[in-house]
Amino acid sequence: MKNHKNQKNQKSPNDSITISGAEAVIRCLLAEDANLVYGYPGGAIMPIYDELYKYKDQLHHVLTRHEQGATHAAQGFARTSGKVGVALATSGPGATNLVTGIADAQIDSTPMVCITGQVASHLLGSDAFQETDIIGISTPVTKWNYQITKASEIPEIMAKAFYIARSGRPGPVLIDITKDAQFEMFDFNYVKCTGIRSYWPNPPLNSNHLEEALQLINEAKKPFIVWGQGVILGQAEEEFKAFVEKSGIPAAWTILGLSALPTDHPLNRGMVGMHGNYAPNLLTNECDLLIAIGMRFDDRVTGDLNTYAKQAKVLHLELDPAEVNKNVKADVALITNCKTSLNALTKRISKNTFTKWLKRFDALDVIENEKVIKGDLFPIKPGITMGESIAMINKYTKGDAVIVTDVGQHQMVACRYAKFNQSKSNVTSGGLGTMGFALPAAIGAKMGAPIREVVAVIGDGGYQMTIQELGTIFQQQVAVKIVILNNDFLGMVRQWQQLFFDKRYASTEMTNPDFVTIAKGYHIEAERVEKREDLDQAVGRMIASDKPFFLEICVEKENNVFPMIPTGASVSDIRLE
């Protein structure tokens, strides 16, 4: 005779069956192939966690040490896997602790579904224990949010949540579910969402605008491409590479676009923006055609908008129409997935080379190499530099690792010097600039790409904001490699204080704990490097390990990151020292 114990848990998520709202949430997750979630339990979401226990063979829950860690881990997972990240939290402080990660995901277009528990519906608005209006709080930083008060709403709302999070320009969605809705029984049936009235996530390519774009490209003498994360989110890496190679146009990236084109590609000319490379920043104001692909003209890229690329025609390839003409006026815009627009352009553009124009980049690269890069990578001073630390990681990962960074000097140095051979390799907090992002994001990044090496490069300040996630790494045995570039300062703020505030180092010098002992307390292998001669072998041991590994590298205390464009200055005002 067949064993019918737990028979209801063995049915397909699409079967119609009478179940609780809590179980419906789990079945919805499974139907959306979301079998890995991050979270932290509490009273208002306890019914869902009770069902998680019953489904633990089908759905893996990762207990983070803080709800913010859950969102960043979900972000890291989404960024390397290309799937929707999922985070769970209870009501009140549990829900509010998600907000920083949600805001980070919103501005960086990361697909994520956050599910929060809420007090029972009859208590809403009564200031009940751990009641917070998370819908009102999260509205400005979500792509969509919704509060469920009836179990029967769960299938439709969950289906919409995943569709909205992943479609078009991705983003975070928050679903708040009252506790009584989690207990309530109803007839469950799940149908995936394939469209929503008045929501057009992928507009069709305008053929007239395509003709105008082709004319701009074919007539340009000094064209220049700046690409962003839209190339990666649109799964358009191959189309982008084909476009670059046929057009012969030099291209540079925003920090979130990094890794869409291999670092060593001859037409990859580096990074634009505040700490970007000398040539692409300067030549933005010399090109006659600026082609922006999947990027939003962030202020850290443009500097002073009154002087940004005023001599150039602007062609903007962008999926989100809200980003077109928001900061920089486009002469022509192709509003659709850049996979579509790039493919259409490549078929019809003339094959070209811009030898003379590329020599301008080469000449400026020589200047930056002499004034900045040599000192960063081949220093003559006794102290270890951040740049040579990244170069040593390159030596052992050979450009195949995922590099996860926080925000600050280490982030800029890693983006400048890390080598990447494949896409989805640079995971960082871009638009929000969230300290504390990297450690939990590295957990998710490794789970999203388990066969790849994942190295978290973090500053000593940001590391301590989410240091408790070492407990998650230990419990889950996530084989991430953690590198702390320790200068005993909040380095980026200190650099600004040095350059613009007469070296008044107000509240930026840090008295740090023994990081190695802390890591060992979590049973993570750990080392500290203070001398250059010890750096090579220590990095080699770290990368060779098949377990979590912590490496503290003591770098120069007052090592600045150059080039630098001062806040609000023109890209032409880029400083090399």
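This is a short chat about a predicted model and how its parts pack.

Reader: What should I know about the model before we start?
Author: It is predicted, so local features need pLDDT of at least 70 and side-chain atom pairs count only at pLDDT 80 or more, while totals for chains, interfaces and linings use all residues. Residues are numbered from 1 along each chain as its sequence is written, and side-chain values use heavy atoms, with hydrogens and water left out.

Reader: Which domains does the protein have?
Author: The assignment gives domain 1 (2–196), domain 2 (207–361) and domain 3 (379–554). Such bounds come from an automatic or database domain assignment.

Reader: How far apart are the centres of domain 1 and domain 2?
Author: Their C-alpha centres lie 38 Å apart.

Reader: And how many residues of domain 1 are in contact with domain 2?
Author: 7 residues of domain 1 are in contact with 7 residues of domain 2. Contact means heavy atoms within 4.5 Å.

Reader: New topic. How many residues are in the largest nonpolar core?
Author: 102 residues. A nonpolar core is a set of buried Ala, Val, Leu, Ile, Met, Phe, Trp, Tyr and Cys residues joined through side-chain atoms within 4.5 Å. Buried means under 20% relative accessible area, exposed means over 50%, and partly exposed is in between (1.4 Å probe, protein chains only).

Reader: Which residues have the most contacts inside that core?
Author: Ile225, Trp227, Phe240, Ile291, Ile293 and Leu315.

Reader: Which helix gives the most to this core?
Author: Helix H15 (residues 355–377), with 6 residues. Helices (H or I, at least four residues) and strands (E, at least two) are DSSP runs, numbered from the N terminus.

Reader: Where does the core lie?
Author: Domain 2 and domain 3 both give residues to this core, so it lies between them.

Reader: What about a second core?
Author: There is a separate one of 49 residues. Phe77, Ala89, Ile443 and Ala519 are among its members.

Reader: Back to Ile291. What is it in contact with?
Author: Leaving aside neighbours within four places in sequence, Ile291 is in contact with Ile217, Phe224, Ile225, Val226, Phe243, Ile249, Leu315 and Leu317.

Reader: Let's do H9. Which of its residues are buried?
Author: Leu210, Ala213, Leu214, Leu216 and Ile217 are buried in H9. They cover an arc of only 160° around the axis, which puts them on the same side of H9. That arc is taken from the directions from the helix axis to the C-beta atoms.

Reader: Which residues are exposed on the other side of H9?
Author: Asn208 and Glu219.

Reader: What covers the buried residues of H9?
Author: The cover includes helix H11 (237–247) and helix H14 (338–348). Strands S12 (289–293), S13 (313–318) and S14 (332–335) are also among the covering elements.

Reader: Is Ile367 buried, exposed or partly exposed?
Author: Partly exposed, because its relative accessibility is 33%. Ile367 is found in helix H15.

Reader: Which residues does Ile367 touch?
Author: Tyr278 and Leu576, not counting residues up to four places away in sequence. Ile367 and Tyr278 are 89 residues apart in sequence, yet 8.3 Å apart in space, C-alpha to C-alpha.

Reader: And Asn281, buried or exposed?
Author: Buried, because its relative accessibility is 1%. Asn281 is found in helix H12 (residues 278–284).

Reader: Last one. How many residues of H16 are buried?
Author: 9 of its 12 residues, so H16 is mostly covered. After H16 comes Lys398, whose phi is positive, near 55°.
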